2 protein chains.
Amino acid sequence: MTALTGLSLIAGNPVTGNGATTNAIDPSTGETLTPDYTFLDETQVEQAVDAAKRAFATYRATTPEERAAFLETIAANIEAVREPLVERAMAETGLPSARLNGEVGRTVGQLRLFAEVVRTGNFHGSSIDPAQPDRTPLPRLDIRQRRVPVGPVVVFGASNFPLAFSVAGGDTASALAAGCPVIVKAHNAHPGTGEIVGQAITDAVASNGLNPGVFSLVFGSGASVGQQLVADSRIAAVGFTGSRSGGLALQATAQARKVPAPVYAEMSSINPVILLDGALGGDGARGLAEQFITSLTGSSGQLCTAPGLVLVPNGSAGDAFAEAVGELISQQTGQTMLTPSIAEAFDRGVAELAAQDDVSTLGTGTAGAGANAPAPVVFTASSASLRENDALSEEIFGAASLIVRYTDADDLIATLAGIEGQLTSTIHATEADIAVAGQLLPVLEDLCGRILFNGWPTGVEVGHAMVHGGPFPATSAPATTSVGTLAIDRFLRPVSYQAVPAALLPEPIADDNPWSVVQTIDGVVTTPAEASTLSGAGASAS
Amino acid sequence: MTALTGLSLIAGNPVTGNGATTNAIDPSTGETLTPDYTFLDETQVEQAVDAAKRAFATYRATTPEERAAFLETIAANIEAVREPLVERAMAETGLPSARLNGEVGRTVGQLRLFAEVVRTGNFHGSSIDPAQPDRTPLPRLDIRQRRVPVGPVVVFGASNFPLAFSVAGGDTASALAAGCPVIVKAHNAHPGTGEIVGQAITDAVASNGLNPGVFSLVFGSGASVGQQLVADSRIAAVGFTGSRSGGLALQATAQARKVPAPVYAEMSSINPVILLDGALGGDGARGLAEQFITSLTGSSGQLCTAPGLVLVPNGSAGDAFAEAVGELISQQTGQTMLTPSIAEAFDRGVAELAAQDDVSTLGTGTAGAGANAPAPVVFTASSASLRENDALSEEIFGAASLIVRYTDADDLIATLAGIEGQLTSTIHATEADIAVAGQLLPVLEDLCGRILFNGWPTGVEVGHAMVHGGPFPATSAPATTSVGTLAIDRFLRPVSYQAVPAALLPEPIADDNPWSVVQTIDGVVTTPAEASTLSGAGASAS
C-alpha cells in the first residue's frame with residue numbers, strides 16, 4: 001500500500017478538490033491526522049456523475065461472471081491491505097482492532113456473497129407467460145419479465161461501520177451486483193479508511209477492464225457535495241445509513257427533483273427487548289442482565305441495533321433484573337466514541353432523558369480515560385410514562401438504555417403499539433411464555449423488520465433471509481432491507497417484454513436459459529434443475 | 001339486484017353521508033342520473049378507517065383457502081349482476097356494451113387470478129437460512145423471512161376502467177390478496193357502477209364470515225374525503241390511477257405525514273411507438289396505419305396505453321404511412337368520452353398542441369353526434385421540434401396523437417432519450433431491422449415498463465409477467481406494477497425471524513411447509529415438488 005493522498009477518486013483518476021479541506025481526528029486523543037482531504041467543487045462532482053452515467057450502458061451489460069469476478073477482486077484487494085486498513089481505521093474511529101478485523105471479514109464476505117447472488121441469478125425475477133395462440137376470445141401473446149438495474153447509485157457511508165457500511169459496504173456491494181455504477185460520498189470521519197478502500201475498488205475496476213466511471217469516491221461536505229449528488233437527475237437511487245435528520249434531508253431533496261429518486265435511508269431505532277416472566281424465572285435475571293450489558297456497551301453502543309429499550313415486568317424477578325443491571329452498568333468504563341460530535345450528542349441525549357419526569361437513573365458507569373469516552377448509563381421508567389412522553393423513546397446513539405416496567409400482557413401490547421417503527425424487536429421467553437409470545441408476534445411484525453427470540457439484536461447476520469429494515473423511521477423504505485442479499489432489490493426495476501424476437505431476448509428470460517436462472521413459467525416457479533429434467537424428459541420422448 | 005341507494009358502505013353498513021350530494025351524468029346526453037349520492041363527512045370517513053384498522057388483525061391471519069374463497073365469491077357476485085352492472089356502467093361512462101362486458105370478464109378474471117396467487121403462495125417470499133451451530137468464529141442462528149401485509153389500503157378508482165380499475169379492480173384485488181383491508185374512495189363519474197360492485201364485495205365479506213371492516217366504499221370529493229383518507233396515519237398504502245396532478249397531490253399528503261405512506265400512482269404516458277424501415281417496407285405502411293388508428297381511437301383513446309406518439313422515419317415509406325394515417329383519421333367519428341370535463345380537457349390539449357410551432361395537423365375526424373364526442377386528430381412534427389419543446393410530449397387523454405419524423409437511428413435514440421418515463425414503448429421491425437432494434441432495446445428498458453414488438457400498446461394482459469408501470473411520471477413507484485400478479489408486492493413488507501420457536505413460526509416459513517409454498521433455503525429456490533422429493537429420499541434412506 002502506498003501512502004494516503006487526500007484525493008478523491010473520480011472514475012479512476014486521483015483528483016485534488018478545489019474546495020475546503022478536512023482532516024481525520026483520532027477521537028481517543030483529539031489529535032489531527034494527516035493528510036489533508038480536499039473537498040470537490042460543483043464541477044468536479046459533476047464529472048463523477050457524468051462518468052457514472054456514461055459507464056452505465058456497458059456495466060449493466062456485463063455477464064454474471066464478469067460482475068461476480070469484479071466483486072471478488074474488490075474483496076481480494078481489501079484483504080491485501082487488511083493491516084494498514086485496520087490500523088488507519090483504528091486511528092480514525094477509536095474502534096478496537098478485533099472489531100475492525102471482524103468488520104473486514106464481514107465486508108469481504110458481503111462482496112463474495114453478492115458475487116454468488118450474481119452467479120445464481122434469482123434477483124433477475126425472470127418470469128415467462130408463454131403465448132397461447134388458441135386462447136379465446138383473444139390469443140395471448142408471449143410476455144416475459146426480468147429486472148433491470150436502475151442506473152447510477154449514490155452511497156453515503158455510515159460512521160459506525162467504517163468498512164461494512166461505508167465505501168465497499170453493503171449498499172455499494174448490492175448496487176454493483178445489480179449492475180449500477182456507484183458514487184460514494186466519503187464519510188469525513190474516516191477519510192483515510194475510505195481512501196484505502198476506494199483505491200481497492202478503483203484497482204478492481206481497472207484490472208477487470210470495466211469502464212472507470214463504474215466507481216468514484218468523492219470528498220466534500222454533506223450539505224454541498226452530498227446534496228448536489230442527490231439532486232442530480234442522473235442519479236437513480238441513494239443508499240444512506242445515518243441520522244434521521246440526515247436521511248430526511250436527502251429524501252426531501254430527492255423528492256423535490258423533477259423526476260424523484262428513492263432514498264433508501266436506514267435512520268433510527270431503539271430496538272425494544274421484551275422480557276417475559278418465564279425468562280426471568282429461576283436465576284434468569286442475572287444472566288439476562290449480563291447479556292444486556294454486553295450487547296449495550298459493545299462498540300460503545302454505537303450500533304443501529306443496540307438495545308435502547310428493555311421492557312421488564314413489575315414484580316420481584318423484574319426487580320432482580322433491574323438491580324443486576326444497575327450494579328453491572330456501574331462497573332462499566334466508557335469506550336472512545338467515533339467522533340467528538342457523536343460523544344457530544346450522546347451527552348446531550350443522556351441529559352435530556354435524565355431530565356424527564358418519572359425517569360430515574362438505574363446506574364452509571366465511569367467515563368473512559370481518553371477523550372470522547374462518556375460513561376455508559378441505564379435509566380428506568382414506567383410503561384405509563386413511556387406511553388405519555390415521546391421523549392422517552394427517542395434514540396440515544398451510544399451506550400444508554402431505558403428499562404421500562406410493565407404490569408401485564410395488555411399493558412405491554414398497548415405500550416408497544418405506541419412506539420415508532422423499529423429495526424428489531426426481541427422477546428425473551430420460555431415454554432411457559434409461549435401464549436403471550438404468540439400474542440406479541442403480530443404486534444411486533446407490524447412494528448419492526450426483524451424479530452428475535454432469546455438473543456440480543458446487535459450482530460446482524462448477512463444472509464439471504466435477513467431483514468435490516470422496518471417501518472418508518474427505522475427506514476425510509478420499509479419494503480426493503482439494507483443488509484443481506486435482498487438488498488439488491490433496491491436497485492432493480494421490472495420490465496416486461498411482449499412478443500420480443502428470440503434473438504433480442506435478454507439471457508435471463510431466453511428459452512434456452514443460458515445463465516441457468518430460476519424462471520417462473522406461467523406463475524409456476526421452475527428451478528434450473530427442474531427445467532433440465534423437463535427438457536430431458538421431452539428429449540427422450542421425441 | 002335491488003335498486004341503487006346512493007349510500008356509502010362502511011364496514012357492511014349502508015350510510016347516508018352528511019355532506020353534499022352528487023349525481024352521475026350520462027355523458028352521451030348530459031342527462032343527470034338518479035339516485036343522489038351523498039358525501040361522507042369527516043367523522044363518517046373516520047369510521048371506515050377505524051373499522052379497517054380493527055379488521056386488519058383477523059384478516060391478515062386468514063388462511064390461503066379463506067382468502068382465495070373470498071376473492072372468488074366477489075367474482076361470482078359480480079358475475080351475478082353482470083347485466084344491470086353493464087347497463088348502469090354504459091349510462092355512466094358512454095363506453096359501449098362489448099367493451100364493458102369484456103371489462104367484467106377482466107375484473108372477475110383478475111380476482112380469480114389473485115385467488116390462485118394466494119393459494120400458490122409465491123408472494124410470501126419464504127426464505128430460510130438454517131442454523132449453523134458449528135460455524136466459526138461464530139455460530140449462525142436460524143433466520144427465516146416472509147412477507148407480511150402492510151395494513152389498511154385506500155384505493156382510488158380510475159375513470160377509464162369503471163370495473164377493472166375501480167371498486168373491485170386490480171388495486172383492490174391485489175391488496176385483498178395480500179391480506180390488507182381496503183377502503184375504496186368511489187369515483188364520482190360512475191357512482192352507481194361503484195355501488196353495485198361495492199355491494200358485491202360487501203356481500204362476499206358477510207357470506208365468508210370476515211370482519212366487516214375488511215371493505216368499505218366511501219363517497220366524497222377527492223379534495224376532502226380523498227385527502228383525509230391519505231392523511232390518516234392508519235392507512236398503510238394507497239393505490240391510485242388517474243391524472244398526474246391528482247397522483248402528485250395525494251403523494252404530497254402521504255409524504256407529509258408523521259409516518260409517510262407509499263402512494264402507488266399510475267399517472268401519465270404517451271407510449272411511443274417506433275416504426276423502423278423494414279416494417280414500413282413492401283405495403284407495410286397502409287396496414288400499420290390501420291392498426292394505429294384502431295389502437296388510437298378504441299375507447300375514445302381513453303386508455304393509459306394509447307399510442308400518443310409515433311416515431312416514423314423520414315423518406316417515402318414514412319410519408320406513405322403519414323398519408324394513410326391522415327386519410328384514415330379523417331374518416332373517424334368521435335365517440336362519447338367518459339365525462340364532460342374529460343372532453344373539455346381533450347379539446348384544450350388538442351388546441352394547445354395545434355398552437356405549437358412546427359406542429360401541423362395530419363388529419364382530423366368528425367365530432368360524434370352526441371355530447372362530449374370530440375373529433376379524433378393526428379398531428380405531425382419533426383424530431384428536432386419534439387426534443388426542443390416539452391409541450392409536444394405532454395399526454396392528451398383521448399384520441400389524439402403526434403407523428404414525429406426522425407432522420408436515422410442516432411436521431412431516434414437521441415429523441416427517445418429526451419422523453420419522460422413511460423408505461424410502454426413499441427418497436428415495429430422486421431428481420432432487416434434487428435440490429436437497430438437491438439440498439440434501441442436498452443434505451444427503452446431505461447424509458448418504460450413494457451416493451452412490445454410488432455403490436456400496439458393498448459390491451460394489457462393480466463398475467464404473471466406483466467409490468468404496467470415504469471419510470472416517473474408513468475408511475476410514482478417504478479419498481480412496481482399495478483397490473484398482473486406482481487401488483488401484490490406493493491402491499492407486502494418483509495420481516496425476518498431469528499431463532500423463533502417452531503411452535504410460533506408462521507406457516508410459510510415453517511419446516512413442514514403446511515401451505516406448500518416455494519421456499520428459498522440458504523439462497524437456493526426450492527419448489528414444493530423438489531422439497532417432497534428431498535424429504536422422500538431422506539425418508540427412504542432412514
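Predicted model: local features only at pLDDT ≥ 70, side-chain atom pairs only at ≥ 80, totals over all residues.

Colleague: At what N to O distance do the side chains of A:Asp50 and A:Arg54 meet in a salt bridge?

Modeller: Side chains of opposite charge can pair when their charged atoms come close. For A:Asp50 and A:Arg54 the computed separation, N to O, is 3.1 Å.

Colleague: How many salt bridges does the rule find across the interface of chain A and chain B?

Modeller: Over all chains, the structure holds 46 salt bridges. One that joins the two chains is formed by the side chains of B:Arg135 and A:Glu461, at 2.6 Å, N to O. Across the interface of chain A and chain B, the rule gives a count of 8.

Colleague: How many nonpolar residues are on the side of chain A that touches chain B?

Modeller: The interface also holds 36 residue pairs in polar contact, with both residues at pLDDT 80 or more. Elements of chain A that each supply at least two residues to the side touching chain B include strand E6 (143-149), helix H8 (244-256), strand E18 (448-453) and helix H16 (528-541). Sorted by class, that side of chain A has 16 charged residues, 16 polar residues and, as the number asked for, 34 nonpolar residues.

Colleague: What is the area buried between chain A and chain B?

Modeller: The size of an interface is often given as the accessible area lost when the parts come together. Here the contact takes 66 residues from chain A and 66 residues from chain B. Carbon and sulfur atoms give 55% of the buried area, which is about 5,400 Å².

Colleague: Which residue in E19(B) is the bridge partner of A:Ile451?

Modeller: E18(A) pairs with strand E19 (residues 492-498) of chain B in the parallel sense, over 3 bridges. Within E19(B), the residue bridged to A:Ile451 is B:Tyr497.

Colleague: In which loop of chain A is A:Pro137 found?

Modeller: A:Thr136 and A:Pro137 are joined by a cis peptide bond, with omega about 0°. In chain B, a cis peptide bond likewise joins B:Thr136 and B:Pro137, and B:Pro137 has its place in the loop between strand E5 (127-129) and strand E6 (143-149) of that chain. For A:Pro137, the location is the loop between E5 and E6.

Key: Residues numbered from 1 in each chain as written. Chains lettered and ligands numbered in written order. Heavy atoms only, no water. Contact = heavy atoms within 4.5 Å. Buried area = accessible area lost by both parts, 1.4 Å probe. Salt bridge = Lys/Arg side-chain N within 4 Å of Asp/Glu carboxyl O. Polar contact = N/O pair within 3.5 Å; in protein donor to acceptor, adjacent residues only side chain to side chain. Helix = DSSP H or I, 4+ residues; strand = E, 2+ residues; numbered from the N terminus. Nonpolar A, V, L, I, M, F, W, Y, C, P; charged D, E, K, R; others polar. Pairing = 2+ DSSP bridges.
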